[in-house]
Amino acid sequence: MKIPADDPDIATTLVKGLAVLETFRPNRTLMSNGEIAKESGINRSTVARLTYTLERMGYLRQEKSKFRLSWRALMLVNPLLVNLKLLHIARPSMQKLAQDLGGTVSIGTIDRINFVYLETSRVNENIWTSPDLGTIGPLLPATIGHALSSLLSEDELKLKLEEMKRRSPELWAKYSESFLQGVADCRSRGFSVAKGVWIPGTHSAGVPLIRDANGDCFGMNCRVPVFRLSPNQIEDEVAPRLISLAANIRNQLSYIMPS
């Protein structure tokens, strides 16, 4: 998390405390002060004070010389998820599609220039590392990034593109062309596809889901291992079934997708 240098009203201590919490990831569940300092860019003495404070408040738990998130951290996201009706509606159909296709089906939303997964259904096999609640990835290479960004207005998309180019120049150079094509595909035919991108050995389809009354965008993707797919199956079967699933979810919601 970068601290805005040009905003005198920003509470920098709060920003740094949140940055400490954000350093924890599925592959980084147990971290020392030194490791947190390296990941966050905050000096170690400040990190030590922050982890002490967060541990006393119940958001971190200390195990010897390292820290992990405490269950209290769930209190921060529970109000968001508990009232998100689309997740409750979508789960059974997502699980069926995942089982039918032998892949994973996920719902996500936008977090700056990233997506964050809110729900994932999968087959009961450990074929590859599956995305789950809270997993974050860049919008640029992912079909769910195409789908989510297709729900933005032209002005919003322009600002998002500028932010991507500024903050992720390497990803921009590699994926901007396919990203723009993916957004266009989602708007024109309702889905985009990517083959062997982001997670090698898999093909993915993404579809826009809804933009709710708060302006939050939600999209879906389905990722299937290549060995389970016949030629063009991702376009001819996976994408249409994902479009149908998204339409079914929208029909059960009080939300209306923007035109």
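**Reading salt bridges and burial**

Colleague: Does R211 count as buried or exposed?

Modeller: R211 counts as buried, at 17% relative accessibility. Buried means under 20% relative accessible area, exposed over 50%, and partly exposed in between, with a 1.4 Å probe and protein chains only. This is a predicted model, in which local features need pLDDT of at least 70 and side-chain atom pairs count only at pLDDT 80 or more, while totals for chains, interfaces and linings use all residues. Residues are numbered from 1 along each chain as its sequence is written, and side-chain values use heavy atoms, leaving out hydrogens and water.

Colleague: Which residue forms a salt bridge with R211?

Modeller: Side chains of opposite charge can pair when their charged atoms come close. The criterion is a side-chain nitrogen of Lys or Arg within 4 Å of a carboxyl oxygen of Asp or Glu. Here the partner of R211 is E156, with the closest N and O atoms 2.8 Å apart. Because E156 sits in helix α7 and R211 in strand β8 (residues 202-211), the pair ties together parts 55 residues apart in sequence. Helices (H or I, at least four residues) and strands (E, at least two) are DSSP runs, numbered from the N terminus. E156 has a relative accessible area of 29%, so this residue is partly exposed.

Colleague: How many salt bridges does the structure hold?

Modeller: There are 12 salt bridges. One of them joins R187 to E154, with 2.5 Å between the closest N and O atoms. The two ends belong to distant parts of the chain: R187 is in helix α8 (residues 169-189) and E154 in helix α7 (residues 154-167), 33 residues apart. R187 is partly exposed because its relative accessibility is 36%, whereas E154, at 52%, counts as exposed.

Colleague: Where do R189 and D185 lie?

Modeller: Both are in helix α8, four residues apart, which is about one turn of the helix. R189 is partly exposed with a relative accessible area of 41%, and D185 is buried with 15%.

Colleague: Which residues does S150 contact, apart from its neighbours within four places in sequence?

Modeller: Contact means heavy atoms within 4.5 Å. On that basis S150 is in contact with V183, C186, R187 and P208; R187 is also the partner of E154 in a salt bridge. S150 is located in the loop between α6 (143-149) and α7. Its relative accessible area is 10%, so S150 is buried. The side chain of S150 also reaches the backbone oxygen of A147 at 2.6 Å, a polar contact being a pair of N or O atoms within 3.5 Å; within protein, one must be able to donate a hydrogen and the other to accept it, and residues adjacent in sequence count only if both atoms are side-chain atoms.

Colleague: How many helices and strands does the protein have?

Modeller: The protein has nine helices and nine strands. Its radius of gyration, taken over C-alpha atoms, is 19 Å, close to the 18 Å from the globule rule for 259 residues, so the protein is as compact as a globular protein of that length. The rule is 2.2 Å times the number of residues to the power 0.38. The C-alpha trace spans about 55 × 40 × 35 Å along its principal axes. Of the 259 residues, 45% are buried.
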